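Hi everyone, thanks for coming. Let me show you the structure I have been looking at, and then we can walk through it together.

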Amino acid sequence: MLSQSLAARGARALSTKAKPLKVAVLGASGGIGQPLALLCKLSPLIDEVACYDVVGTPGVAADLSHCPTPAKVTGNLPAAETWPPSENVGLKAALTGCDVVVIPAGVPRKPGMTRDDLFNTNASIVKTLVEGCGKYCPDATLAIISNPVNSTVPIAAEVLKKMGVYNPKKLCGVTTLDVCRANTFVAANQERLGLSPKDVNVTVIGGHAGITILPLLSQVPNATFSDADREALTVRIQFGGDEVVKAKAGAGSATLSMAYAGYLFTEGVIKAMKGEDITMCAYVESSLTDAPYFASPCKFGPDGVKEVLPFGPLSAYEQSWFDKMMPELKAQIAKGIEFAK
Ligand code: NAD
Ligand code: LMR
C-alpha cells in the first residue's frame, strides 16, 4: 500500500517535471560564441548548452564542462563530408530538442568595413544554419547575432517560409548591444543624476547598422540633454560598433559586450517562456512602419514575441534621423529577401 502510493507520487513527480531547457550556440568557438556559451553554462535557467561550430567545439565544451554548474554541455562539429551528401549529424545533435538557438556564426568586420560588407560571406552561413533549425527544431526561438542583422533576419524568415515552418514570433535579430551601449553612455552623460547604467533603459529602434540604429533619448525619464550632447550621444550609439572595431585594429569586433548582451536577450526569452512578463527591444517582423522588419520594444511570453509594442512619439530631432534611416533599412531588408529567393 505504502510502496504503491510512493510509486504513484514518483510517477506524478516525473510527469510534472519540466522539460530540460536546451540552448544551442551556433558559432560557439568564436569571439562571441565562447563567452556566450560560458554565460549559458553558468545560468540556473538553462539545463543543456549545445555548442556547434565548424571548428573547435570539442575543446570549448570540455573546457566549459569543468565549471561546477549543473548544465550539461556538448560540443558538436559537422559530419565529415560524404558522397552522396548525408545530413549534418553534428548540427542535428546540437539542435534537436532546442528551445532557443543563438546564432553568432560568421565573419566579423575589420576597420573600414561596413556590416553590409559581411553580407557575401555571412548570408550563406546564416541560410544554411537556419535551414538546420527549420529541420531539427522548428519550434525554437531563433536569436540572430550574425551581421548584417538588418539582412540576415529577413534571410532567416524566407528560409523558414520556404520550409513551411516560419513563425514570426520566434525569429528575432539581437539589438540588445545597442540598448546596452545607450544605457552606458546615457548614464555617464547624466552623471549629475547619479544613475547606474543598470537603472537606465533606453528604447533603441530601427535596425542594427549605423544610422538605422535610433536611440530615443527624448523618452529617457528625467534626463535632459544639451543639443550638442544629444547629437554626440546619438551618433556614438549608432557607431558604437565602429569604436570597438577601430580599437581592436583588425582583430575583430565587439565580442565580450556582445556575449553579455546576447546572454541578456537569451535569458529574457527563457524567463518569458517560464511565465515572466518581459519587454525587450528586438528586430522582428513588424507592421509599425513601412519596413517589414523593425526593432522596437516587444513583449515576450511563453511562445516568443507576444506583442510588438509601439515606440511612442519621436522628437523633431529623432524624426529627422528616422526619415534618413528608412530608405537604408528597407534596402538592406530587400537585399536579404532577394538573396533567399
Ligand atoms: P568570430 O570570427 O570570432 O567567430 C565566428 C565563429 O563562427 C567562428 O568560430 C567560426 O568558425 C564560426 N562559423 C563560421 N561559419 C560557420 C558555420 N557555417 N557554422 C557554424 N559556425 C561557423 O566572430 P565574432 O566576433 O564572434 O562575430 C560573429 C558575428 O557576430 C559577426 O558577423 C559579427 O559581425 C556579429 N556581431 C553582431 C553583433 C550584434 O549586435 N548583433 C555584435 C557583435 C558582432
Ligand atoms: C556591433 O555593433 O558591435 C556589432 O554589430 C559588430 C560590428 O561590426 O560593429
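Let's begin with one residue: histidine 208 is buried, because 27 other C-beta atoms lie within 10 Å. By buried I mean that 20 or more other C-beta atoms lie within 10 Å of the residue's own; 12 or fewer is exposed, in between is partly exposed, and C-beta atoms are placed from the backbone.

Before I go on, a word on what you are seeing. This is a predicted model, where local features need pLDDT of at least 70, side-chain atom pairs count only at pLDDT 80 or more, and totals for chains, interfaces and linings use all residues. Residues are numbered from 1 along each chain as its sequence is written, while chains are lettered from A and ligands numbered from 1 in the order in which they are written.

UniProt, in an unreviewed entry, gives His208 the annotation "active site"; positions from UniProt are in the numbering used here, feature names are shortened, and annotations may be inferred rather than shown by experiment. Histidine 208 sits in the loop between β7 (204-206) and β8 (213-215). Helices (H or I, at least four residues) and strands (E, at least two) are DSSP runs, numbered from the N terminus. Which residues is histidine 208 in contact with, leaving aside neighbours within four places in sequence? They are Val149, Asn150, Gly173, Thr175, Asp178, Ile213, Tyr283 and Ala295, where contact means C-beta atoms, placed from the backbone, within 7 Å.

Now compare leucine 45. This residue is partly exposed, because 15 other C-beta atoms lie within 10 Å. Leucine 45 is in the loop between α2 (33-42) and β2 (48-52), and beyond four places in sequence its contacts are Leu21, Glu267 and Ile270.

Let's zoom out. The protein chain has 11 helices and 11 strands, and 47% of its 341 residues count as buried. A compact globule with 341 residues would have a radius of gyration near 20 Å, so the 21 Å of this chain agrees; the radius is taken over C-alpha atoms, and the rule is 2.2 Å times the number of residues to the power 0.38.

What about the inside? The largest nonpolar core has 99 residues, and Val25, Val101, Ile103, Leu142, Ala143, Ile144 and Ala156 have the most contacts inside it. Helix α10 (residues 256-273) gives the most to this core, with 8 residues. Such a core is a set of buried Ala, Val, Leu, Ile, Met, Phe, Trp, Tyr and Cys residues joined through C-beta atoms within 7 Å.

Finally, the ligands. Around ligand 1 there are 33 residues, of which Gly27, Gly30, Gly31, Ile32 and Asn147 come nearest; a residue counts as near if its C-beta atom, placed from the backbone, lies within 6 Å. Helix α5 (residues 119-136) supplies the largest share of that shell, 4 residues. The shell around ligand 1 divides into 17 nonpolar, 14 polar and 2 charged residues. Here Ala, Val, Leu, Ile, Met, Phe, Trp, Tyr, Cys and Pro count as nonpolar, Asp, Glu, Lys and Arg as charged, and the others, Gly among them, as polar.

Around ligand 2 we find Pro108, Arg109, Arg115, Asn147, Leu177, Gly241, Val244, Val245, Ser253 and Ala254. Helix α9 (residues 240-248) gives the most to this shell, with 3 residues.

Note on methods: Contact = placed C-beta atoms within 7 Å.
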